[in-house]
Amino acid sequence: MLSGAGGEDGSALRAGADLALAAGAFGQSVTLVFAGDAIKLLHSSIEGDDTLWRLLGSLPYYDIDSVHALDLDETIHAWREDLPIVPMSPSEWRSAALEADIVVHY
């Protein structure tokens with residue numbers, strides 16, 4: 001899960017994205033969930049450091065074909081077009097976390 005908790009400089013989000021890309025590159029199944037401050041990375045454009053925003057656009061090249069957004073605000077219509085974004089409820093997140101071999105939160 002990427003939420004950006006405790007990392008105002010974005011280093012936690014970058015580390016989580018790097019881990020997801022590495023896992024995908026080595027054939028691991030990755031379920032990438034965005035929550036909290038990380039949701040802004042799913043907007044159609046981002047202010048500030050856009051290198052991470054652009055890096056996330058490469059997720060499909062690492063066999064991460066979609067991302068999940070926890071408690072996605074459906075009123076915002078300007079979502080990224082380069083990533084399929086799947087809304088996820090808290091109960092769906094709990095189920096996914098229970099079924100996962102490894103759960104990492106950045």
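What covers the buried residues of α1? The answer includes α2 (51-56), and the points below place both helices in their setting.

1. Basis of the note. This is a predicted model, in which local features need pLDDT of at least 70 and side-chain atom pairs count only at pLDDT 80 or more, while totals for chains, interfaces and linings use all residues. Residues are numbered from 1 along each chain as its sequence is written, and side-chain values use heavy atoms, with hydrogens and water left out.

2. Overall content. The chain has three helices and three strands; helices (H or I, at least four residues) and strands (E, at least two) are DSSP runs, numbered from the N terminus. Along the sequence these elements follow the pattern α-β-α-β-β-α. Of the 106 residues in the chain, 36% are buried, where buried means under 20% relative accessible area, exposed over 50% and partly exposed in between (1.4 Å probe, protein chains only). Among contacts between residues at least 6 apart in sequence, 61% join residues at least 24 apart; contact means heavy atoms within 4.5 Å.

3. Helix α1. This helix comprises residues 11-25, and at 1.5 Å a residue its 15 residues should span 21 Å, which agrees with the 21 Å between its end C-alpha atoms. The expected span is 1.5 Å times one less than the number of residues. The buried residues in α1 are A12, L13, G16, A17, A20, L21 and G24. After α1 comes G27, with a positive phi near 80°.

4. The sheet. Three strands form an open sheet in the order β1-β2-β3, with parallel pairing. The edge strands are β1 and β3, each of which pairs on one side only. Two strands pair if DSSP finds at least two bridges between them. Strand β1 (residues 33-34) is joined to β2 in the parallel sense over two bridges, with F34 opposite A69 in β2. Four bridges join β2 to strand β3 (residues 85-88), also in parallel; here V67 stands opposite I85 and H68 stands opposite V86.

5. Strand β2 and H68. H68 has a relative accessibility of 18%, so it counts as buried. Not counting residues up to four places away in sequence, H68 touches T31, L32, V33, F34, V86 and M88.

6. Helix α3. Residues 90-99 form α3, which lies across β1, β2 and β3 and runs at about 100° to β3. Axes are lines fitted to C-alpha atoms, for helices over the stretch in contact, and angles run from 0 to 180 degrees between N-to-C directions.

7. The loop between α2 and β2. Both P60 and D63 lie in this loop. P60 counts as partly exposed because its relative accessibility is 30%. Leaving aside neighbours within four places in sequence, P60 is in contact with D65, D82 and L83. P60 and L21 are 39 residues apart in sequence, yet 9.5 Å apart in space, C-alpha to C-alpha. D63 is not a glycine but has a positive phi of about 60°; with 60% relative accessibility, D63 counts as exposed.

8. The loop between β2 and β3. D71 lies in this loop and counts as exposed, because its relative accessibility is 56%. Although D71 and S89 are 18 residues apart in sequence, they are 5.8 Å apart in space, C-alpha to C-alpha. Setting aside neighbours within four places in sequence, D71 is in contact with M88 and P90.

9. How many aromatic pairs does a search of the whole structure find? The search finds zero; rings of Phe, Tyr and Trp (its six-membered ring) pair if their centres lie within 6.5 Å, and planes under 30 degrees apart count as stacked, over 60 as edge-to-face and the rest as tilted. The charged end of R80, however, sits over the ring of W53, 4.1 Å from its centre. A charge sits over a ring if NZ of Lys or CZ of Arg is within 6 Å of the ring centre and within 35 degrees of the ring normal.
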